[in-house]
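Biologist: I would like to learn how to read a structure like this one, feature by feature. Please give the general idea where there is one, and then the case.

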Amino acid sequence: MSTTRKRLFIKTYGCQMNVYDSERMKDVLTPLGYESTDTPDGADLVILNTCHIREKAAEKVYSELGRLRPLKEDKAASGGMTIAVAGCVAQAEGAEIMKRAPVVDLVVGPQTYHKLPELIAKAHRAKGEALDTEFEVEDKFDRLGNDRQVEGYSAFVTVQEGCDKFCTFCVVPYTRGAEWSRPVDQIVGEVRALAAKGIREVTLLGQNVNAFHGAAPSGREADGPWGLGQLVRHIALIGGIERIRFTTSHPRDMDEDLIQAFADTPKLMPYFHLPVQSGSDKILKAMNRQHEAADYLTTIARLREVRPDIAISGDMIVGFPGETDADFEATMELVREVNYASCFSFKYSKRPGTPGAAMFNQVDEAVKGERLAALQALLDEQQIAFNTSMIGKTLPVLFEKPGRLEGQLHGRSPYLQSVHAHAPAELIGQIAEVEIEGASRNALSGRLIGPKRSAA
């Protein structure tokens with residue numbers, strides 16, 4: 001192991017899976033002597049862990065590289081700075097990045113960041129050769145191991161990667177590859193290691209996490225691949241883990257066993273993120289979502305039947321090619337029927353190489369803006385109403401860190417809301433009862449009323 005300490009700066013764009021990947025990059029680089037820093041100034045290694053979902057993602061990366069260039073020039077006399085581009089933009093445009101941005105020393109895709117040590121060595125030997133965007137997802141997890149650096153009391157754990165759905169607006173199948181699930185034993189080993197380090201809550205991650213079909217645990221191979229419901233119940237048995245979440249799901253992959261897990265597994269939090277993208281069947285078909293609005297609503301109704309206190313979150317896209325006023329109104333009607341606790345909403349933007357980018361009847365930007373404003377006004381109203389409905393209730397809160405005010409702690413409710421309450425510092429990392437007294441769009445406040453609890 002290296003004894004020379006070097007500074008590492010990672011800038012993470014996009015989804016929770018990128019957050020997980022950035023954490024694992026730190027794990028891979030620690031034995032080489034790298035320590036994390038909060039700024040790229042003077043860093044020995046800078047990694048941009050990129051996301052390709054939103055519009056002009058690549059241009060944002062090039063802009064950031066432009067800002068890094070003078071920092072790299074300043075560091076040249078004192079050991080130099082290595083700059084890496086990782087993640088989905090790297091996967092999609094790796095060769096172009098190496099060609100267009102000489103400041104970049106290496107490019108690594110989301111399935112090959114476990115090779116960072118050897119890629120760094122290769123970049124130092126011969127600039128321009130350190131590019132690796134192969135799809136080696138199984139090799140990646142085999143080599144990463146379970147020795148993770150963790151902070152706080154919640155952690156992400158990737159259990160599934162890739163996507164076979166090929167929605168016409170999305171680049172994920174091209175940047176993350178086909179759907180692949182980790183073996184159950186491997187996942188359980190990672191979660192147990194996290195629990196031993198004080199983690200109380202895990203969020204299971206996947207591009208389509210409810211498509212999980214991992215190899216059964218040792219000794220139970222005859223069971224065949226396990227689904228996500230089975231995995232959740234298994235993880236709930238691990239000592240120290242008090243809360244389980246998962247994201248992001250696809251409506252087509254919701255099965256009855258996973259729905260039942262919300263009913264029979266108290267550690268599975270009653271907050272479920274299920275993107276739908278549109279309420280119009282015509283637009284859903286054009287998006288290749290492979291379900292209709294009624295299918296989505298049936299799933300929501302079934303979830304609420306087995307877990308009446310469940311809160312629903314979602315994703316919406318407005319202005320997809322061909323969307324009419326009537327199609328948009330169908331989306332608004334679906335939102336009214338679901339009554340979301342929270343929801344992410346976006347204007348459609350062309351992603352190069354996706355079928356949607358070549359479709360006719362692209363919607364005018366001004367119309368997209370008007371529709372998004374109307375949708376977000378409705379969603380904000382629903383989120384405020386949901387949070388306000390918590391006033392007077394007693395919620396188990398996992399306290400994670402000090403709050404902004406003296407004597408105050410910050411935590412999370414079962415519904416993923418931020419909660420602030422005055423409480424002793426020794427409750428950090430514990431779950432305690434809080435009576436909710438106030439609510440805003442983004443947070444709750446309350447008073448500690450009960451002793452700390454050992455389970456949510």
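This is a predicted model: local features need pLDDT of at least 70, side-chain atom pairs count only at pLDDT 80 or more; totals for chains, interfaces and linings use all residues.

Biologist: Let us take salt bridges. What is the general idea, and how many salt bridges does the count come to?

Modeller: Side chains of opposite charge can pair when their charged atoms come close. Here the count comes to 33 salt bridges.

Biologist: Which side chain meets E59 in a salt bridge, and where do the two residues lie?

Modeller: The partner of E59 is R100, at 3.2 Å from N to O. E59 belongs to helix α2 and R100 to helix α3, residues 88-100, so this pair links distant parts of the chain, 41 residues apart.

Biologist: Are E59 and R100 buried, exposed or partly exposed?

Modeller: E59 has a relative accessible area of 38%, which makes it partly exposed. R100, at 43%, is partly exposed as well.

Biologist: And what about K165 and E179: buried or exposed?

Modeller: Both are buried. Their side chains form a salt bridge with an N to O distance of 2.6 Å. K165 sits in the loop between β8 and α6, while E179 sits in the loop between α6 and β9, 14 residues apart.

Biologist: Now a single residue. Why is E64 called buried?

Modeller: Buried means under 20% relative accessible area. E64 has 9%, so it counts as buried. E64 is placed in helix α2, residues 57-75.

Biologist: What does E64 contact?

Modeller: The side chain of E64 makes a polar contact with the side chain of R67, at 2.7 Å. Leaving aside neighbours within four places in sequence, E64 is in contact with K11, Y13 and L48.

Biologist: How do I read a helix pair, say α9 and α11: at what angle do their axes cross?

Modeller: The axes of α9 (residues 256-264) and α11 (residues 293-306) cross at roughly 35° and come within 8 Å. The crossing is right-handed. On the α9 side the contact is made by E256, I259, Q260, F262 and A263, and on the α11 side by R302, L303 and V306. These residues divide into five nonpolar, one polar and two charged.

Biologist: Turning to the backbone, which peptide bond is cis?

Modeller: The bond from T247 to T248 is cis, with omega near 0°. T248 is in the loop between β11 and α9.

Biologist: Where are F166 and N339, and what is phi at each?

Modeller: F166 is in the loop between β8 and α6, and its phi is near 55°, a positive value in a residue other than glycine. F166 is partly exposed, with a relative accessible area of 39%. N339 is in the loop between α12 and β14. N339 is not a glycine, yet it has a positive phi of about 60°. At 45% relative accessibility, N339 counts as partly exposed.

Notes:
Residues are numbered from 1 along each chain as its sequence is written. Side-chain values use heavy atoms; hydrogens and water are left out. Helices (H or I, at least four residues) and strands (E, at least two) are DSSP runs, numbered from the N terminus. Buried means under 20% relative accessible area, exposed over 50%, partly exposed in between (1.4 Å probe, protein chains only). A polar contact is a pair of N or O atoms within 3.5 Å; within protein, one must be able to donate a hydrogen and the other to accept it, and residues adjacent in sequence count only if both atoms are side-chain atoms. Contact means heavy atoms within 4.5 Å. Axes are lines fitted to C-alpha atoms, for helices over the stretch in contact, and angles run from 0 to 180 degrees between N-to-C directions. A crossing is left-handed if the near helix is turned anticlockwise from the far one by less than a right angle, and right-handed if clockwise. Ala, Val, Leu, Ile, Met, Phe, Trp, Tyr, Cys and Pro count as nonpolar, Asp, Glu, Lys and Arg as charged, and the others, Gly among them, as polar. A salt bridge is a side-chain nitrogen of Lys or Arg within 4 Å of a carboxyl oxygen of Asp or Glu.
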